[in-house]
Amino acid sequence: MCGIMGYVGEEQAAPIVLDGLSRLEYRGYDSAGIAVIGEDGQVRLRKCVGKLAGLREALAAGLPVGTAGLGHTRWATHGRATEENAHPHVDSTGDVVVVHNGIVENYRELRSRLTGLGHNFRSETIPRSYPT
């Protein structure tokens, strides 16, 4: 099962989102990720395959700074358990961050349409380019 945690407020988002994800840890998952919008408006994204402890380890050098964030723990119902398929996903422009639970049934049609519009894909279902 997947879990989603979001925060927008005056506090730093990353610790709050990570704490929320840890409270969902019992649900079982194969990857985790977090996206935080920095003061410069840029999205800072970190994802990893495995448990939340792996994401925390990847962030040990420093949490992304910002007061709006979104986190996700994923259970691979569609697509392999890979970093590329882990959520959050960011669109080709880096302006839109998305997570979802469940299977996007019409992903092939969406992918075909977006590819036709010039978008690149990185995961098996979502656009390719994202800032790290």
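Two residues are in contact when heavy atoms lie within 4.5 Å. Take the contacts in the protein chain with a separation of 6 or more: residues 24 or more positions apart account for 65% of them. This is a predicted model, in which local features need pLDDT of at least 70 and side-chain atom pairs count only at pLDDT 80 or more, while totals for chains, interfaces and linings use all residues. Residues are numbered from 1 along each chain as its sequence is written, and side-chain values use heavy atoms, with hydrogens and water left out.

Start with the parts. The protein chain has 3 helices and 6 strands. Helices (H or I, at least four residues) and strands (E, at least two) are DSSP runs, numbered from the N terminus. In that direction the elements read β-α-β-β-α-β-β-β-α.

Next comes the sheet. Strands of a sheet pair through backbone hydrogen bonds, either parallel or antiparallel. Here, 4 strands form an open sheet in the order β1-β4-β2-β3, and the pairing is antiparallel. Two strands count as paired if DSSP finds at least two bridges between them. β1 (3-8) and β3 (43-49) stand at the edges with a single partner strand each, so one side of each lacks a neighbour in the sheet. From one strand to the next, the twist averages 5°. Such angles run from 0 to 180 degrees between N-to-C directions, and the axes are lines fitted to C-alpha atoms, for helices over the stretch in contact.

Now look at β4. This strand (residues 68-74) pairs with β2 (residues 31-37) over 7 bridges, in the antiparallel sense. To β1, β4 is joined by 6 bridges, again antiparallel. Of the 7 residues of β4, 6 are buried, so the strand is largely enclosed by the rest of the structure. Buried means under 20% relative accessible area, exposed over 50%, and partly exposed in between, with a 1.4 Å probe and protein chains only.

Turn to the helices. Helix α1 (residues 13-23) lies across β1, β2 and β4, and runs at about 155° to β1. Helix α3 (residues 107-116) is hardly covered: among its 10 residues, the count of buried residues is 1. After α3 comes G118, with a positive phi near 100°.

Finally, the whole chain. Of its 132 residues, 39% count as buried. The chain exposes about 7300 Å², and carbon and sulfur atoms supply 51% of that. These areas come from the Shrake-Rupley method with a 1.4 Å probe; for residues, only the protein chains shown count as cover.
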